[in-house]
Amino acid sequence: MKEAIAPARKIIVVSNRLPFTIERENGAIQFKASAGGVATGLKSLLDGMQGFLVPRPEYLWVGWPGGAVAADERAQIQARALSEFRSHAVFLSEQDFDNFYEGFCNKTIWPLFHYFPQNATYDENYWRQYVRVNEVFAESLLEVVGPEDILWVHDYHLMLLPELLRKQRPHLKIGFFLHIPFPQFEIYRLLPARWRRALLEGLLGADLVGFHTHDYMEYFLRCVQRVIGFKHSVGHVRVGSRGVRVGAFPMGIDFKKFNAAARSPEGTKKKEELKKSFGENKVIVSVDRQDYSKGILHRLQGFEAMLERAPEWHHRVILLMIVVPSRIGIQDYEGMKQRIEELVGKINGRFGAIDWVPIIYHYRSVPFETLAAVYSMSDVALVTPLRDGMNLVAKEYIACRGDGTGVLILSEMAGAAKELAEALIVNPNHRDEIADALKTALEMPAREQIRRNRVMQNRLRRADVAHWAMDFIRELVSKESAETAEARPLTPAARAGILRHYQRSSRRLLLLDYDGTLAPFVSQPALARPSAELLELLRRLAADPRNEIALVSGRSRATIEEWFGGLSIGLVAEHGAWMRDVGKPWELIKPVSASWKAKLLPMLKAYADRVPGTSVEEKEFSIVWHYRNAAPERGAHAASELSDDLLAFTANIDVHVVQANKSVEVRSAGIHKGVAAAHWLGQGGFDFVLAAGDDRSDEDIFGILPERAYSIRVGQRPSRARFSLPAPADVLELISRLANRGEREALTPPADRPIYH
Ligand code: GDG
């Protein structure tokens, strides 16, 4: 098996269902192709992929083929799946299916992510089965995945899978796409704490996480920040040594296929036949899977309201409602079917006549060609989900409007509304709004219809499903997504190189952070007073006329002045807000306002009161909440929450919220250590530059250093620094060697020294 499907590089698409289903007819196994939206999209990507990945990769689809399969049938099914559908089957048992698919997927995630918390069930057995099935998928994938393969995991059934795979194959390229909405934090947090964290961690196992819209992407990043505490920077999240990118990739449709089907001779014929059966009536079409998220009942009420308010449309309009059976057996769905049928009956009874039935209700799926003909003969499409990740029906309707006429009424709660702004956009909860839109649609002049549709058609033609898939894969394999390297440990050889370079240089700049770099962290910030040895070391370094030393700290001006004011070195306080050149008074680096402090201070103080072991430090241009002495879990959790509150609250104030080493700090924007470092670098003429720091704020220094400068980050973390050292003691050891070298050097006659250019 493995040999047969192991070409050099494959794109492996992983989804809950394969693009075919196994069924039994008279005991014999049959394969039935089933092309859903995703299946169609991916197929056209893979079939039409034009060498942006060179060489063109093979593809393989991994998923569940449906049905229960006996152990002795598996090999045969696997062979056929591969040869006929380029697929690899993951076999699940009936019980897997019950608790996983009908359970956790459709009774927990689906309702919650569609903002129906009242329909959500929180059952530990469902969760366990969800974990189990994700593990089964991971095991099955490991049988077929090669080191160069690209994995694209789809949808809410498999949110744990990226991390499960990452643990086994740290260097695999993994992308994940969510087809349903990602909810806001207040909804997401309804999940039990353990599950909510595990799902996010699961997704963060991917290199790229994609959503249909920017909103979902933002909600996801917000949840990551609140639940796990990872902040993002323009859609990049740092997870240990890896970078994870999060992006919006609105899914398109196979535009050509729908457009051509509606224009084809058979399509036209079918359309004429259908049209005839509706006589002179205008037709409003509605097509959905039967699901409470689709707003079918509200839509019927909207149609009813239109009939109430516009009697002139009686006997002139018909609502053709196609509802495709879905998830039969789940209670919520069964009850809904009954309510839909009752309401259809009620409206038809109330308004209908012998020669006119206002609603034609069709509870089954129709073949593709019929669907395209229905779209192309309907004057209006009424697409009003209460919540929908994207909604492809809306796009398909527009694609099928060959002559450009037709009116799309679209819910603002569908992801598609972001792209189809020329539609009549409605709030699907409001029956009157739907009624008004229906009336407007029925009366809209053809010219106006065409004007709107042409714009949307052009957009959908460009952003079709192949474009979507290619965009995603291109982003996944792009260079930028490569893991961001950790700084390399400073080897003895590299250290010797630094010492040699120092020795032969004539003008040197040393930019040194204090806490965590020159001194280890202590429980109380005030106890981190510099030792006599350190002060002596700095004094010796500063005594060398070739040296310029700057201590670049986040501490307050008063503390830095008190501790280091007596040395002939440059000083930076409050991450660059204050600076002092040797022999000069303190200066503000730029005019800054701190009027925001009074407003935010109570917020930080409230956290200090609430979380034992935490405290607030107030500086001139920043305020800090420290939680080094809190219970670790509690502190980290509160830090995420506080950062999130602060970020939301300060959206339009010019401040930065920085989660650093066991602290959350708010400071005026535009002030960071990089600005301070630039002040010294700007003096020019240095032929040896070294900077050392231990946290995120020091990255701003590393980022602006010239290429040949030596940057050292304390601790093994992803960093822009060239080198890392384990602890402050190692930094001290290095700079005391520098000091020694320098002093020895000063005793050597200049003529013997190598000249450095
Ligand atoms: C999920 C998300 C997101 C429907 N009836 C028939 C039929 N269909 C086809 C449509 C369309 C597809 O099914 C339904 O796609 P939607 O996008 O409308 O909705 P979901 O099934 O809920 O899909 C959704 C989507 O994933 C993709 O990411 O847009 O938000 O919920 O393609 O044409 N096809 C045929 N006969 C029918 O009777 N042949």
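## Cavities, domains and ligand shell

α19 (532-543) and α25 (728-747) each contribute at least two residues to the lining of the second largest cavity. The model is predicted: local features need pLDDT of at least 70, side-chain atom pairs count only at pLDDT 80 or more, and totals for chains, interfaces and linings use all residues. Residues are numbered from 1 along each chain as its sequence is written, and side-chain values use heavy atoms, with hydrogens and water left out. Helices (H or I, at least four residues) and strands (E, at least two) are DSSP runs numbered from the N terminus.

**Cavities**

- Two cavities of 30 Å³ or more are found in a search of the whole structure.
- A cavity here is a set of points, on a 1 Å grid over the protein atoms alone, where a 1.4 Å probe fits but cannot get out; its lining residues have an atom within 4 Å of a point.
- Grid points are joined across faces, edges and corners, and a volume is the space filled by probe spheres set on the points.

**Second largest cavity**

- This cavity holds about 30 Å³ of space.
- Its lining consists of Y502, R540, L541, D544, N547, A739, G742 and E743.
- α25 gives the largest share of that lining, three residues.
- The lining has three nonpolar, two polar and three charged residues, where Ala, Val, Leu, Ile, Met, Phe, Trp, Tyr, Cys and Pro count as nonpolar, Asp, Glu, Lys and Arg as charged, and the others, Gly among them, as polar.

**Largest cavity**

- The volume of the largest cavity is about 40 Å³.
- It is lined by G406, V407, L408, E422, A423, L424, M444, Q449, R452, N453 and M456.
- β16 (407-411) and α16 (446-462) each supply at least two of the lining residues, and the largest share, four residues, comes from α16.
- Six nonpolar, three polar and two charged residues make up this lining.

**Domains**

- The chain is divided into domain 1 (36-56 + 92-248), domain 2 (256-462), domain 3 (486-590 + 671-744) and domain 4 (597-668), with bounds from an automatic or database domain assignment.
- Between the C-alpha centres of domain 2 and domain 3 the distance is 67 Å.

**Ligand**

- The ligand lies between domain 1 and domain 2, because both give residues to the shell around it.
- There are 21 residues around the ligand, of which H179, V366, D388, L392 and E396 come nearest; a residue is near a molecule if one of its heavy atoms lies within 4 Å of it.
- β12 (282-289), α13 (368-377) and α14 (392-399) each supply at least two residues of the shell.
- By class, the shell has 12 nonpolar, five polar and four charged residues.
- An N or O atom in the side chain of H179 is 2.6 Å from an oxygen atom of the ligand.
- For the side chain of R289, an N or O atom is 2.8 Å from a ligand oxygen atom.
- L392 places a backbone N or O atom 2.8 Å from an oxygen atom of the ligand.
- Taken alone the ligand exposes 730 Å², and the protein buries 83% of that; accessible areas come from the Shrake-Rupley method with a 1.4 Å probe.

Terms used. On a 1 Å grid over the protein atoms alone, a cavity is a set of points where a 1.4 Å probe fits but cannot get out, and a pocket is an open set with protein on both sides within 12 Å along at least five of seven lines; lining residues have an atom within 4 Å of a point. A polar contact is a pair of N or O atoms within 3.5 Å; within protein, one must be able to donate a hydrogen and the other to accept it, and residues adjacent in sequence count only if both atoms are side-chain atoms.
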